[in-house]
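Here's a quick briefing to read next to the viewer. Grab the sequence and the coordinates, and let's walk through what was computed from them.

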Amino acid sequence: MKFSRIFPAWLITAVVVTQSQVVLALTPQEVNSIAKEFTVLIGGDGIGSGVIYEKKGNVYYVLTNQHVIGADGRYEIQTVDGGRYPVYRSREIPGLDLAVLEFNSNKNYRVAAIANSDQVREGMPIYVVGWADAIPGITRERSYQFTDGTVRSLLAQGNSGYTLVYNNEAIPGMSGGPVVDGEARVIGINGKAKTEEEKDGSVKLGLRLGIPINTFLASTKSTPSPGIRNNAPTVARVARKPSAEEFISLGGAKADKQDHQGAIAAYNKALQLDPNNPDAYQRRGNSHVQLKNWQAGLADFNQVLRLNPKNAFAYAYRSYIRLYLGDFQESFNDSDKSIQIEPNSPTTTAISYGARGVANLALGKKQDAIRDIAQASKLSPELGKAFKGFEQISLIPYNEAEFLRAIVRGGLGDKQGAIADLEKAGTIYQRQGRTQDVQVVKLLIQQVKDGTFGTNSSQTGNNQSSNNQPINNQPRQNPIATTSPNQKNTPISTTARSTFDRAFALYNQGDKKAALDNLNQATRINPQFSQAWYSRGFVLGELGNYDEALVSYNRAIQVNREWGQASIGDAYFMRGILQSERENYQQAKADFDTVINLKPAQNIAAIYAMRGLNAQRQGNNKAALADFNQAAKLEPNNAIAYLARGWSYHMQGDFQGAIAAYEKAATQNPKLLAAVNNLGLIKYELQDIEGAIKQFQSAIAIDGNSAEPQMAMAALLYAKGDRQMSLTIAENALRLNQRFANQAFLRKNLWGKRLIADAQKLLQNPKLQAFTSR
């Protein structure tokens, strides 16, 4: 959380709008929800994924890679609901790395829709779906993955049918899973890695290969349909030499059974057949890590990155390995690189933030560590558990690098390193005359020696839950819950600052109410803590408690001490925004004037833009336009300035001027929600219905948690006659924000007469009236 950010979610509903895309095109979230239902996990004597593509009676047919089931043995299919079914029949497709598996179930599972893969073109956005391997030391179970990318090329010919080339991230274990288009239709089967090399032999790019679905469909014309093979053998095999992918799948199955030596032997065979196979190196590296062969694991992930320098997961996991090798700066560098490559993956990015947080702690950067570890849990609560024990670092009142590094080393199981760092910290405290802190260090050294480091026996008992596992999955107590020598069951510090830091972490995890509780506590502990008062106002505003938010901003300004990363100018600015929202325009202007007179180094264009909006609300168009122009002059490329100018034209009914300003704002910042959404509002008034739909859909794709574009789309669809879809969307919009049922509120948010009239017709529907009355 950045408490001092400019525009909170409650600022101006005209600025913050949208929910999930609903018609004409699916959002990635909707594609994911559909694809997850027909994508299955394949386990047993091979590891991979598959797609349910046909059903006859109680028999389901799953398409996967041949190399996933290449070994003789038993296989099992796991469906989205956790159901497990033995594969009682399978058939390989001659000439292709494909196989059809069968399982019986009286449950109703989704069957995938099939697209015409001949219509796939380079540059087309696609998604790869599957069940990735467990991540050693971090997850114990295989995890569902949904990755985005684009088609890079379409080969005229390819070995075993592989002619579809794309740049999606695909973690081992996803082989055999579907490649789907933007309508959640299967266009191919994901299969293996591909590396492109320059003429000098250096690697240019790591890509993935798939088999187009039409290639499979064409093969079925010359072979019996799976539905009529009444007496087929359990496994219909095609004579062929084992491929590298078969040995990789075999190794994955052995690793899944914790036979890591056997897995490494299988990966070695794969690399003999294909020395540049990144999946083989990655899986072998995973097994080395499980055996705590850290250097061997590091060497394998070095190879993965040589073959694919843009593999975000490889950087993330190499960062994790380097933590155990004590190379904290390089661990930080790797995780930081991973985040730059892939900033939003629930799996890869969560690991990166967690590893970077631990590295930051070891490097003495506690606040950075707090933020990173909180972000890891926010992206993936499940993966965040891997870093359990480091999440309470805000409770540590010590900031010395030696002490923080000792916490990390102790948490990673490096007893000698932890003791050495604690002894250094103790020497520092002794020199500074900090007698009590010296005693704390002595206690911790003893806990490290006897194996109870960080233990609070009265809280934890003898049985450890899975949530108390460190990142190497070995049972251990929480290394951060350090206790005072005289207060065994309480943290060593409950200062206002540590309470504030805890609020910071809770807010980043999405728990605003808990964050507010901690901010309340921080202001009680230290009533002179302006940053806590200011942040409290910010959170109260986001929770809709504007009266208390105003009181909190007032208190921050009155105290004017201990601002931290915020400033008194931030408080005046946020109070001005709140006053303008409450139609206290003179007070708002006074606050904006004060901020401008303080001559802030940043965000000056935004301040002029907000003062201009306040003047526009008062009806002072001349002053408003002057401020909007000043904002654009100060920062010509500032999207907010153009957005504000668009508001001005929009309010005056100058649609063409507004369109030009909004389009300029959207060009400067394609994710500026208000500009994109407001273009839709204007286009609807101009009767450009298709244009309005596209704008609302684009706005929806930007932010999936806002009500306005959903409500606008619902009104539009209702007017077009699509009543059922319209009512569903409207209910969801009003569930998010019931104020969009209020005409005055719609006018305030720049809805035009045509859209308001259509919204009123929608709101008069008996079903929707019954919903709003609840």
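Does aspartate 81 count as buried, partly exposed or exposed? At 42% relative accessibility, aspartate 81 counts as partly exposed, where buried means under 20% relative accessible area, exposed means over 50%, and partly exposed is in between (1.4 Å probe, protein chains only). Keep in mind that this is a predicted model, so local features need pLDDT of at least 70 and side-chain atom pairs count only at pLDDT 80 or more, while totals for chains, interfaces and linings use all residues. Residues are numbered from 1 along each chain as its sequence is written, and side-chain values use heavy atoms, with hydrogens and water left out.

**Overall picture**

- The protein chain holds 32 helices and 15 strands; these are DSSP runs numbered from the N terminus, with helices being H or I of at least four residues and strands E of at least two.
- Of its 774 residues, 57% count as buried.
- Take the contacts in the chain with a separation of 6 or more: 64% of them come from residues 24 or more positions apart, a contact being heavy atoms within 4.5 Å.

- β1 (residues 39-44) pairs with β4 (residues 75-78) in the antiparallel sense, over four bridges; two strands pair if DSSP finds at least two bridges between them.
- Within that pairing, leucine 41 has glutamine 78 in β4 as its bridge partner.
- β4 also runs antiparallel to β5 (residues 84-86), joined to it by three bridges, and isoleucine 77 stands opposite tyrosine 85 in β5.
- β4 and β5 make a hairpin with five residues between them, and glycine 82 in the turn has a positive phi of about 90°.

**Helix α27**

- How far apart are the end C-alpha atoms of α27? They are 20 Å apart, which agrees with the 20 Å that the 14 residues of this helix (residues 689-702) should span at 1.5 Å a residue; the expected span is 1.5 Å times one less than the number of residues.
- The buried residues of α27 include Ile693, Phe696 and Ile700.
- Among the elements covering those buried residues are α26 (673-685) and α28 (708-720).

**Loop residues worth a click**

- Most residues other than glycine have a negative phi.
- Alanine 184 has a positive phi of about 65° although it is not a glycine; you'll find it in the loop between β12 (178-180) and β13 (185-197), and at 2% relative accessibility it counts as buried.
- Asparagine 560 isn't a glycine either, yet its phi is positive at about 50°. It sits in the loop between α19 (546-559) and α20 (568-581) and is partly exposed, with a relative accessible area of 38%.
- Asparagine 526, in the loop between α17 (512-525) and α18 (530-542), is buried with a relative accessible area of 18%.
- The side chain of asparagine 526 makes a polar contact with the side chain of glutamate 562 at 3.1 Å. The cut-off is a pair of N or O atoms within 3.5 Å; within protein, one must be able to donate a hydrogen and the other to accept it, and residues adjacent in sequence count only if both atoms are side-chain atoms.

**Salt bridges**

- The whole structure has 26 salt bridges, each a side-chain nitrogen of Lys or Arg within 4 Å of a carboxyl oxygen of Asp or Glu.
- Lysine 257 pairs with aspartate 45, with the closest N and O atoms 3.0 Å apart. Lysine 257 lies in the loop between α3 (244-256) and α4 (260-273) and aspartate 45 in the loop between β1 and β2 (48-56), so the bridge ties together parts that are 212 residues apart in sequence.
- Lysine 257 is exposed, with a relative accessible area of 52%, whereas aspartate 45 is partly exposed at 22%.
- Aspartate 81 forms a salt bridge with lysine 107, the closest N and O atoms being 3.3 Å apart. Aspartate 81 is in the loop between β4 and β5 and lysine 107 in the loop between β7 (99-104) and β8 (113-114), so this pair ties together parts 26 residues apart in sequence.
- Aspartate 591 and arginine 575 meet in a salt bridge at 2.8 Å, N to O, and both are buried.
- Arg318, Arg322, Glu330 and Asp334 are linked in a network of salt bridges.
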